[in-house]
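Here's a quick briefing to read alongside the coordinates. Have the viewer open and follow along.

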Amino acid sequence: MTDTAGIKNILVALDSADDSLALLESAMQLANSLQASLEGMFIEDAALLNLASLPFAREIVPGTRGARSLSSVSMERTIKSQREQVQQMFSRISAEAHMQCHFSSVRGEVLDEVLSASTKNDLLLVSRRSRFIRKPVARAGKVAVVCTDETRIEKILPIAIDLALKNNQYGLLVLLPEENAVELQTRIDAFIQNKKIKAEYVLMDKMNAASLHYATGRENTRMMVLDTGSAGLDGNVIRAILADCHFPVVLVR
Amino acid sequence: MSSDKALDPKQLCWQCNPDQFSFNTTDELEDLTDAVGQERALESVRFGMGIRRPGYNLFVMGPAGMGRHTLVRRYLEKKSAHEEVPDDWCYVHNFEHAHKPNAIRLPPGRASSLENDMIQLVEDLKSAIPTAFEAEDYRLRSQEIEDEFRERQEKAFNSIQKEAEEHAITLMRTPGGFSFAPLRDGKVMKPEEFDKLPEKEREKIETIIDTLQESLQTVVDQMPLWAKETREKIRELNREVTSYAVSSLIDQLRERYLELQEVIRYLDDVQQDVVDNSSDFLHSGEERTSVFLSENVPSFNRYMVNVLVDNSCTEGAPVIYEDNPVFNNLVGRVEHQSQMGMLITDFTLIKSGALHRANGGYLVLDANKVLTSPYAWEGLKRILFSNEVRIESLGQALSLISTMSLEPESIPLDIKVVLIGDRYLYYLLYEYDQDMAELFKVEADFENAIDRNEESSMLLARFIATQVRSEEMLAFDRTAVARVLENCSRVEEDSKKFSTHMQGLTDLLRESDYWARDAGKNTVSADDVQQAINAQLRRSDRIHKNMLESIERGITLIDTEGEKSGQINGLTVIELGGMMFGQPSRITATARMGENEITDIENEVELGGAIHSKGMLILTAFLGSRYAREYPISVSASVTFEQSYGQVEGDSASMGELCALLSAISKLPLKQSIAITGSVNQHGQVQAIGGINEKIEGYFDVCSARGLNGEHGVIIPDSNIQHLMLRHDVVDAVKQGKFNIYAMTSVDDALEILTGLPAGERDEHGEYPEGTINYAIESALKYMAEMKREYNEGKDKHREEEVEQGSETEEAHD
């Protein structure tokens, strides 16, 4: 991939989600092909720590009977353990890829920290645990990309293509706003013409989180690329998607 | 007197006249398809192979090199060519009990086509099933099921979430599960903020959260049931989709194998299994992600067909010769392969044995190899009794191991087994193995020799022609054929017979061809055959030459001139490897007055075999019965082979020993120029012995080396004349009067030749005439008996005198 100038640094925000490893590998490949720097970040969820400090905090664990007490000490320990696991995985993967990468951890509200980081990094890859119990996200599946702005196509599409080519039999799922779908599709078709990748288009009458969740849920999606610099995608929509998505999300500045 | 017993040179060797043949070279002769002189064996083979009854298997016996394998192979190939090609056999997966693979019988050639069809089916399924699952219809239906589950879940969670939000409480995902937390300004309330709340407010929040937790617990408890329901629905959908995709492909196969019910049943099982395991086909193209080889790797081996017996290219019934009949090669085996240090197996690793391949036809085995291969004989018998082949490892068969392995379905057996072995093996088995008579009811016994006549001569000539052509040798002219035939008689040691040892004959042909080519000839003549015979002898006569040299240098003492009593040249034969040669050995005897005691020194030092000892006892009996009917034998004698340090066996020297003993008793000297061989019975009659030609030639070589003087000769049993096939140089020496061969029928004949005196017969008074050999012997024995009697009387008198003297002395003391 050569036409992604402008991506200088990539941040990958990791937690203990099942697909963190796949996300990190994707991030490594992207960093390699874009010649960009890569940084790993673990967000210690302040909300969880607050919750655990409340006197009545209980946890309902699927597969067990009754609620389990939570404490700030145990939550701190759990989060620390998660951070260490993620850091170890990050170090191992970066060593295997022969890359010098920085890893850091921050404590705060997850969405705030993610959105904040997305403004400071050209590319942010986020892996999050879903609220719901779902079947595991397939390692093979489509890469969904939301395109609302013609001028941003050349910015986000190469990244989506690069991520999708990891398993190109599934290709791209391009989500387009209904109002300018024809123009966008024409531009996108022209852009991917010689890229050896197939694209399927889904027209969205509403570009809200619920609609996007529904559309990606129907199409065996393994990752979603969102453009934070696009006028057509509201910040609240991005927040809502991040709050409830069950697959990794890539935020392109 | 001696000249009466001397044999005519014509009696010494049968010489084949080349002019009896009407052909010039073997090129003019037709091929011989049947074995020479083995009509009886062939008849047995025909019978044994013809009768289709249990236990009528064949044991072909005879010495190695008789052409047993060739005869059996030729006969079976000819017979089997007109017989029906047997069915194919294959093993397939048993979908109910994987460790018990099923055997399927198919018409010839159909097993391999089924194998190919199944390979193709799996390939087709690999594309057909994923295609079916990628179809829009399936995706929509499965999505509906997934959505139903998700919506159910989300609905339940959203309901709780909504209820929580009404009380400013949020549902959170924690590292281990779910929890509720009160909110303030859209964020989880901090503990210090919560502490600042009025107590009633805190209690209210806690109560609400308790209620919410109960609701959530109910939902969480139901989630596995919902997930299970969803999985069931997906599974049912998958079965429906797979069935549709699979049935059309398998139906095509069903049509192809419509008449084969076993295959149809197998295809039904395959269809069911594919439907039950459709997910294997969905992920068949994915890369392996696990480090464990067996994990996540769908195996389609269970749909493969292991063709055990493929008769697609077989013409007629199979004739299998198993060269290495070890247990596994006979019965078949289940192989294992190592996977991550673990030995695993399945039905595709079942390998056929010779019994499978020969099923419906003939299996030829070497009896000696079967018997020397551990458990092969037991395994073969068990299978022949049960008439079915069951593959099991030796460990299983002997209950030595109990690890899980395969138990392939047994295959019914319709087979004729031909065992080829030596006679002693057949008789030993028959004697010691009671199953032998039940399982090998027919024996084919090969003749070692055939009568020599015009017909057999011509058959052998055609055999020679056949071998010459099949091995692309130079043609043999009739002189060469005649010389080969003479050698056949020599090998058999019988001038009236031909040896049927075809291996030796063929070797001689090959070597004659070599020498003819070496000499640049176009055809093989008698000279080349003779050169081949000479070369064979020369290659292996090192020890013979060493022994001759030892005699020439006087290390081994053999007199070939003069006369001596109590000493004679016996003849022995030594067999080393493939070489037999004769050697003279000095036999000496001594006699003195004694107590009828003839000592065999060989026997005393345990160097004499049982038969040799028997010979000694016979000559002792002869001595008594002929010469000492009316008086006791009062001789102590000893007989020995001088300079013999090894085991002496056989009774062929008993006549020599008797002559030496009689000479020692009578003091009559024996001619040392004449050697003797033959065994004797209690009446003094001479009996035939073996190795006659080598014995004569051995003595001839010694005399020849020292210079033949016309006095040299050998006395042989009269009954051995028919066995004479002497070397041409010996015959020539006899013709020239330089060497003599005498024939004897009794000890008297031998003694007359050896002493030059008449043997003598008892007159009307029972006495031998004076001047005869027997008179001298009897007189000596009588003399010794008299001496013994006198000696004993003198001893008695002396004792009496001593007794008298003793009593007088006692009286004087008194």
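**Overview**

Chain A's secondary structure comes to eight helices and 11 strands (DSSP runs numbered from the N terminus: helices are H or I of at least four residues, strands E of at least two). This is a predicted model, where local features need pLDDT of at least 70, side-chain atom pairs count only at pLDDT 80 or more, and totals for chains, interfaces and linings use all residues. Residues are numbered from 1 along each chain as its sequence is written, with chains lettered from A and ligands numbered from 1 in the order in which they are written.

**Confidence**
- The average pLDDT (the predictor's confidence in each residue, from 0 to 100) is 81 for chain A, and 90% of the residues score at least 70.
- Residues 132–137 of chain A fall below 50, and beyond near neighbours in sequence this stretch has 12 contacts in the model (a contact means C-beta atoms, placed from the backbone, within 7 Å).

- Of the 253 residues in chain A, 41% are buried (20 or more other C-beta atoms within 10 Å of the residue's own, all placed from the backbone).

**Where the chains meet**
- On chain B, 26 residues are in contact with 24 residues of chain A.
- α7(B) gives the most to chain B's side of this, with seven residues.

**Helix α7(B)**
- Its 58 residues should span 86 Å at 1.5 Å a residue (1.5 Å times one less than the number of residues), and the end C-alpha atoms are 84 Å apart, which agrees.
- Buried residues in α7(B) include I205(B), L212(B) and L253(B).

Terms used
Contact = placed C-beta atoms within 7 Å. Buried ≥ 20, exposed ≤ 12 C-beta atoms within 10 Å, placed from the backbone.
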